[in-house]
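Please keep the sequence and the model in view while reading.

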Amino acid sequence: MKINILAGGPEDLLPDLSLYENDSDMWVGVDRGVLTLIQNGIQPQLAFGDFDSVTPEELSLIKEKVKELNRFKPEKDETDMELALNWALEQSLERIRLFGATGGRLDHLFANIQLLIKPVLQKNPVQIEIIDRKNIVYIKPAGEYTIQKNKRFKYISFIPITMEVKGITLKDFKYPLANHTIPIGSTLCISNELNNDYGTFSFTEGILMVVRSKD
C-alpha cells in the first residue's frame with residue numbers, strides 16, 4: 001500500500017502530481033495542500049491541519065470535498081505534517097511520499113527532513129520520500145541497497161545524518177568508494193552518478209540521507 005501526502009509548500013516546487021496519481025492507494029492533504037489537491041482534480045481521502053492558511057470560503061470547500069477532516073488547534077506540539085505522518089506510520093504501508101514539503105520556511109524544511117528518520121528509529125520498514133520538482137530525498141539505515149538509474153534525477157548524493165557513516169561502499173558509480181568512513185559535514189559523496197542501469201551502495205554503521213536530483 002502506498003500513500004501520497006501533500007502539504008502546503010510553494011506550488012511552483014511541486015512535481016507533476018499526475019505522474020503519481022495512479023501509483024497510490026490514497027491521497028492525504030495537509031493544511032493548504034488539501035486545497036491544492038482539490039484544485040488539481042485529485043480527491044483527498046483524509047485531511048490534517050489547523051487550516052490557518054486558508055480562507056473561511058476555502059475551508060468550507062475543503063469540508064464539502066473531504067469526508068474525514070482532522071482539524072487541530074494552531075497551538076500544538078506537532079506540525080501538521082507530523083500529525084499526518086504519525087497517522088500514516090500506523091498503517092501497514094510499503095511507501096509514503098511527501099509533496100509540498102520543501103521551499104518557503106527553512107524551519108519547516110528541516111523539520112520535514114528530520115521526519116524521514118522516524119521509521120528508521122522505529123524499525124519500521126516503510127520507505128518515506130520527500131519529492132519536489134528537482135529532488136527525491138529519503139533516509140536509509142546501515143545495510144546494502146540496489147539503486148536504479150533515473151533519467152529525470154541523474155545525480156545521486158549521500159549525506160551523513162549521524163556523526164559518522166562507516167564502511168560506505170559505492171559500486172557501479174562514476175566515483176566509486178570502498179569501505180570508506182565519512183563524517184557529518186563531509187561533501188565527499190555529493191553529486192555522484194551511476195555508470196550502469198543499476199548500482200549498489202552499502203554501509204555498516206550510521207544513517208544516510210540519499211538525495212536524487214536534477215539541474
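Asn4 is located in strand S1, which spans residues 2-6; helices (H or I, at least four residues) and strands (E, at least two) are DSSP runs, numbered from the N terminus. The model is a predicted one, in which local features need pLDDT of at least 70 and side-chain atom pairs count only at pLDDT 80 or more, while totals for chains, interfaces and linings use all residues. Residues are numbered from 1 along each chain as its sequence is written, and side-chain values use heavy atoms, with hydrogens and water left out.

**Asn4 and its surroundings**

- Asn4 counts as buried because its relative accessibility is 0%; buried means under 20% relative accessible area, exposed over 50%, and partly exposed in between (1.4 Å probe, protein chains only).
- Leaving aside residues up to four places away in sequence, Asn4 touches Tyr20, Ser24, Met26, Trp27, Val28, Arg97 and Phe99, where a contact means heavy atoms within 4.5 Å.
- The side chain of Asn4 makes a polar contact with the side chain of Arg97 at 3.1 Å. A polar contact is a pair of N or O atoms within 3.5 Å; within protein, one must be able to donate a hydrogen and the other to accept it, and residues adjacent in sequence count only if both atoms are side-chain atoms.
- The side chain of Asn4 also reaches the backbone oxygen of Tyr20, at 3.3 Å.
- Asn4 and Gln127 are 123 residues apart along the chain, and their C-alpha atoms are separated by 12 Å.

**The two sides of helix H5**

- Within helix H5 (residues 106-115), the residues Asn112, Ile113 and Leu115 are buried. They lie on the same side of H5, because they cover an arc of only 155° around the axis; the arc is that of the directions from the helix axis to the C-beta atoms.
- Leu106, Phe110 and Gln114 are exposed on the other side of H5.
- The packing partners of the buried residues of H5 are helix H4 (80-89), helix H6 (118-122), strand S6 (127-131), strand S7 (135-148) and strand S11 (198-213).

**Salt bridges**

- A salt bridge is a side-chain nitrogen of Lys or Arg within 4 Å of a carboxyl oxygen of Asp or Glu. By this rule there are nine salt bridges.
- One of them joins the side chains of Glu58 and Arg32, at 3.0 Å from N to O. Glu58 lies in helix H3 (residues 56-65) and Arg32 in helix H2 (residues 32-39), so the pair ties together parts that are 26 residues apart in sequence.
- Glu58 is buried, at a relative accessible area of 19%, whereas Arg32 is partly exposed, at 27%.
- Lys118 and Glu82 form a salt bridge through their side chains, at 3.0 Å from N to O. Lys118 belongs to helix H6 and Glu82 to helix H4, so this pair links parts that are 36 residues apart in sequence.
- Lys118 counts as buried, at 19% relative accessibility.
- A salt bridge also connects Glu164 with Lys166, whose closest N and O atoms are 3.9 Å apart. Both residues are partly exposed, Glu164 at 38% and Lys166 at 31%.

**Gln45 in a loop**

- Gln45 sits in the loop between H2 and strand S3 (46-49) and is partly exposed, with a relative accessibility of 33%.
- Residues up to four places away in sequence aside, Gln45 touches Met26, Trp27, Val66 and Glu68.
- The side chain of Gln45 reaches the backbone oxygen of Gln43 at 3.2 Å.
- From C-alpha to C-alpha, Gln45 and Leu93 are 16 Å apart in space, and they are 48 residues apart in sequence.

**The chain as a whole**

- The chain contains six helices and 11 strands.
- For 215 residues, a compact globule would have a radius of gyration near 17 Å, and the 18 Å of the chain agrees with this. The radius of gyration is taken over C-alpha atoms, and the globule rule is 2.2 Å times the number of residues to the power 0.38.
- Along the principal axes, the C-alpha atoms fill a box of roughly 55 × 35 × 30 Å.
- Of the 215 residues in the chain, 48% are buried.
- Among contacts with a separation of 6 or more, 61% are between residues 24 or more positions apart.
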